[in-house]
Every structure is written in C-alpha cells, then in structure tokens.
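Let's take a walk through this fold together.

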Amino acid sequence: MRRIFIAFIAISPAAKRGSRAIWLMIFMLKFDRLWDGGPIYYYDTSLFPPTTDSFALGWFARPGRGGAVCDLGSGTGLLGTLLLARDDTLRLVSVEQNGDALALARRGFAENRWDTELLLGDLREPSALPVAGSMDYCVCNPPYFRSGSGKSANTEALRSAREEQGCTLPDVCAAAARVLRWGGRFALVYRPERLVDLLCALRAHGMEPKRLRFVSQHADAAPSLVLIEARRGGKPGLLTEPPLLVGSEEWAAVYFNKRQ
C-alpha cells in the first residue's frame, strides 16, 4: 500500500507579525490504496485512523452478494471500502455523526466510482437510520471502553470512537436490530474482556450470536480482539471458528497482500 500525507496549516487571521499571539493548527489528511492501483480511502489523524480492527472485521463479515449493508458509525468509510473492494455489488449505507469524517468517506467512495448512500446523524436517533427492516446486513466497529475507564484520547472524535461517551453497546445493538430485516445479520468487532457484555446485549435486542472468531498475535497468545456475527431472530447455536492469527497466510489476505 502506498501512503500519501498532506499537511494543512492554519494561522490565526487576527495575529500580527511579530506577535506572540500567532497560533498554528496542523492536521494531516492522508490517503492510501488497498493495493497498487486499487480502491482509495481517506482519513485524518485527528479523526479515525485505519486500525487492525476494521481490517479484521472487513475480512470476517460475509454479506450476501447484492445485499443492502448498513455501516453504523462509519467514520471515514474504511470498513465500507473494505467490503466494496471485495464485492462491489453491495448496496452500502453509511451512518456517521461526524460531518468531517463523512466528507472523507464521500470523497473516497466517489473516487472509487461507488454509488453509496451517506447519512449524517446520531445512530441513537431513528430518524438518522435507514428505514426499519430494510437492511440485509449491518457492520460496526463500536467504542470498546466504558467512559472514564482509562486514559482518554486527545481529540473529541477519537474519544467518541474509543469510549462510550454517548453511544453505548446497547445503543449500537438497538440501531442494528431496528434496520435489519428478520433474519438479517450483524457483524462487529470488540474486546475479548467485554465478550459477555456483547453477547448479552445482542440477545437482549433479539439478535442471536451465530459465529465467533478470536484474533490473536500467535497461536499461544491470548486473543486481542473478538469478531461476532449475530442473526436477527436466529435460533440458539454458536459456531466458534479457528482463531485469526496476525502474520499468518490468511492475515496477508486480510490486508489485500494476498488477494482472493
């Protein structure tokens, strides 16, 4: 993958030459491609940088060909890019409350010539979501940590992405349950130490966990992530898949280093 950096510098318009009141604001707009000549995606260092979590979830999720897919809390659109890169017949709807992040997602999708729908709003509000029961599949990379449970990120956008400051796990599950059709599926990535919270929240909102896969650094390491797929209205019965190992031959395909 080839990474490009574009730095923007803003200088206070009220500053005078030689004055100590001059301030600078620097942020980095970046873009990358999934492979040489492949789909592009944009991100900003102050918003939602690319993470292993999204790449792992993009590999784990299995929406049906031509299906309607909703990305809840889509950020700058990386997860949607990963899904469309593997199947451009998907009908993607992205829901995101940060306008700057959504603008970067729109830019990337447009340059990739993908026709997607982008909705600006809070996923806790039904008016911000697609029509109830209209989606075949949902994906989400939600905040992992309870608010105040650890060191906070530097920016508000990053704090919202990492911590349950406003949007909680039950909120995410409620949104997915609302937009999914009966039998629709919901895939998300989470922290193993909160696996019980995740399973309980899914069941509480009428979605039965059906597939589970841990992500580990190597075969003898404790898992660092857990991937879950649940089915709305599904019957009990959970398939635990072999762990996804970082650095394995399969991992190369996760990052498109080995395209399948």
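Start at helix 2, whose buried residues pack against strand 3 (40-44), helix 1 (52-60), strand 4, strand 5 (91-96), helix 3 (99-111) and strand 7. Keep in mind that this is a predicted model. Helix 2 itself spans residues 78-86 and is mostly covered, with seven of its nine residues buried. Those buried residues are Leu78, Leu79, Gly80, Thr81, Leu82, Leu83 and Leu84.

From there, hop over to one of those packing partners, strand 7. Strand 7 runs over residues 135-140, and this one is mostly covered too: five of its six residues are buried. What does strand 7 pair with? Strand 4 (residues 68-72) pairs with strand 7 in the parallel sense, over four bridges, and Asp71 finds its bridge partner there in Val139. Strand 10 (residues 180-190) also pairs with strand 7 in the parallel sense, this time over five bridges. If you want a spot to look at, Cys140 stands opposite Leu188 in strand 10.

Now for helix 3, another of the elements that helix 2 packs against. Helix 3 has 13 residues and reaches 18 Å from its first C-alpha to its last, close to the 18 Å expected at 1.5 Å a residue. Its buried residues are Ala101, Leu102, Leu104, Ala105, Gly108 and Phe109. Why do they sit on the same side of helix 3? Because they cover an arc of only 160° around the axis. The general rule behind such patterns is that an α-helix has 3.6 residues a turn, so residues three or four places apart point the same way.

At its start, a side-chain oxygen of Asn98 comes to within 3.0 Å of the backbone nitrogen of Asp100. Just after the helix, Arg113 takes a positive phi of about 60°.

The largest nonpolar core has 67 residues, and Leu72, Phe186, Leu202 and Met207 touch the most other members. Helix 5 (residues 169-179) gives this core its largest share, seven residues. Take Leu202: setting aside neighbours within four places in sequence, Leu202 is in contact with Cys173, Phe186, Leu188, Met207, Pro209, Ile228 and Ala230.

Terms used
Residues are numbered from 1 along each chain as its sequence is written. This is a predicted model: local features need pLDDT of at least 70, side-chain atom pairs count only at pLDDT 80 or more; totals for chains, interfaces and linings use all residues. Side-chain values use heavy atoms; hydrogens and water are left out. Buried means under 20% relative accessible area, exposed over 50%, partly exposed in between (1.4 Å probe, protein chains only). Helices (H or I, at least four residues) and strands (E, at least two) are DSSP runs, numbered from the N terminus. Two strands pair if DSSP finds at least two bridges between them. Contact means heavy atoms within 4.5 Å. A nonpolar core is a set of buried Ala, Val, Leu, Ile, Met, Phe, Trp, Tyr and Cys residues joined through side-chain atoms within 4.5 Å. The expected span of a helix is 1.5 Å times one less than its number of residues. The arc is that of the directions from the helix axis to the C-beta atoms. A polar contact is a pair of N or O atoms within 3.5 Å; within protein, one must be able to donate a hydrogen and the other to accept it, and residues adjacent in sequence count only if both atoms are side-chain atoms.
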